[in-house]
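Subject: Structure handover

Hello,

Please keep it open while you read.

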Amino acid sequence: MASSPFADSMRLALDEARLADDKGDVPIGAVIVAADGRVVSRGHNQRESLGDPTAHAEVVAIRAAADAVGSWHLEGLTLVVTLEPCTMCGGAIVLSRLAQVVYGAADPKAGAVGSLWDVVRDRRLNHRPEVISGVLDAECGAVLRRWFDAKRVVGSG
């Protein structure tokens, strides 16, 4: 899916993932973009550096976008994230009224945007963003595999 209109935004999210890695956190990155492609906010996992279990890349980016636009209503904006969001992030996506969620790698263990659950498209909710999956999935998955492989090697010694 490299020809996706969101490939450039996903590359920016991958840059954010590398920042998380540099800080010792799971390398997941996110950007929120406007319809014209303008970056509204960025975020990467900061759970370790902030000691905050809610500091997932998506939540960090959503908080920054709300600050940038001056409202928690993020209609018309798109979240682009390297890994399929979890249930917490799925809830934040719905509550912030994001128009779209674009993700790279699927998360069969904790994904809440189609893999394990589908929080964001639950018909009982009053807002359901469009979901686009698999954008640069190989690159996104490789970043995570390298990080977890390195942790296993360090932990085995």
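Predicted model: local features only at pLDDT ≥ 70, side-chain atom pairs only at ≥ 80, totals over all residues.

Residues are numbered from 1 along each chain as its sequence is written, and side-chain values use heavy atoms, with hydrogens and water left out.

Sheet

Helices (H or I, at least four residues) and strands (E, at least two) are DSSP runs, numbered from the N terminus. Two strands count as paired if DSSP finds at least two bridges between them. The model has an open sheet of five strands in the order β2-β1-β3-β4-β5, and the pairing is mixed. β2 and β5 (130-133) are the edge strands, each pairing on one side only. On average, neighbouring strands of this sheet are turned by 15 degrees against each other, direction ignored. For such angles, axes are lines fitted to C-alpha atoms, for helices over the stretch in contact; angles run from 0 to 180 degrees between N-to-C directions.

β1 (residues 29-33) and β2 (residues 39-44) run antiparallel and are joined by five bridges; V31 has R42 in β2 as its bridge partner. The two strands form a hairpin with five residues between them, and G37 in the turn has a positive phi of about 90 degrees. β3 (residues 78-83) and β4 (residues 100-105) pair in the parallel sense, also over five bridges, with V101 in β4 as the bridge partner of L79.

Helices

Contact here means heavy atoms within 4.5 Å. Helix α1 (residues 7-22) packs on the sheet and touches β1, β2, β3 and β4; its direction makes about 140 degrees with that of β1. Helix α3 (residues 57-69) also packs on the sheet, touching β1, β2 and β3, and its direction makes about 150 degrees with that of β2.

Buried means under 20% relative accessible area, exposed over 50%, and partly exposed in between (1.4 Å probe, protein chains only). In helix α4 (residues 87-96) the buried residues are C89, G90, I93, V94 and S96. Their cover includes α3, β3 and β4.

Single residues

S9 sits in helix α1 and is buried, at 9% relative accessible area. Apart from neighbours within four places in sequence, S9 is in contact with V31, V33 and V80.

Most residues other than glycine have a negative phi. R97, in the loop between α4 and β4, has a positive phi near 70 degrees; R97 is buried, with a relative accessible area of 19%. L136, in the loop between β5 and α5, has a positive phi of about 55 degrees although it is not a glycine. L136 counts as buried at 3% relative accessibility.

Largest pocket

A pocket is an open set of points on a 1 Å grid over the protein atoms alone, where a 1.4 Å probe fits, with protein on both sides within 12 Å along at least five of seven lines; lining residues have an atom within 4 Å of a point. Grid points are joined across faces, edges and corners, and a volume is the space filled by probe spheres set on the points.

The largest pocket has a volume of about 480 Å³. Its lining has 22 residues, of which I28, L83, D107, L144 and F148 lie nearest the centre. Helix α5 (residues 137-156) gives the largest share of that lining, six residues. By type, the lining divides into 11 nonpolar, three polar and eight charged residues. Ala, Val, Leu, Ile, Met, Phe, Trp, Tyr, Cys and Pro count as nonpolar, Asp, Glu, Lys and Arg as charged, and the others, Gly among them, as polar.

Regards
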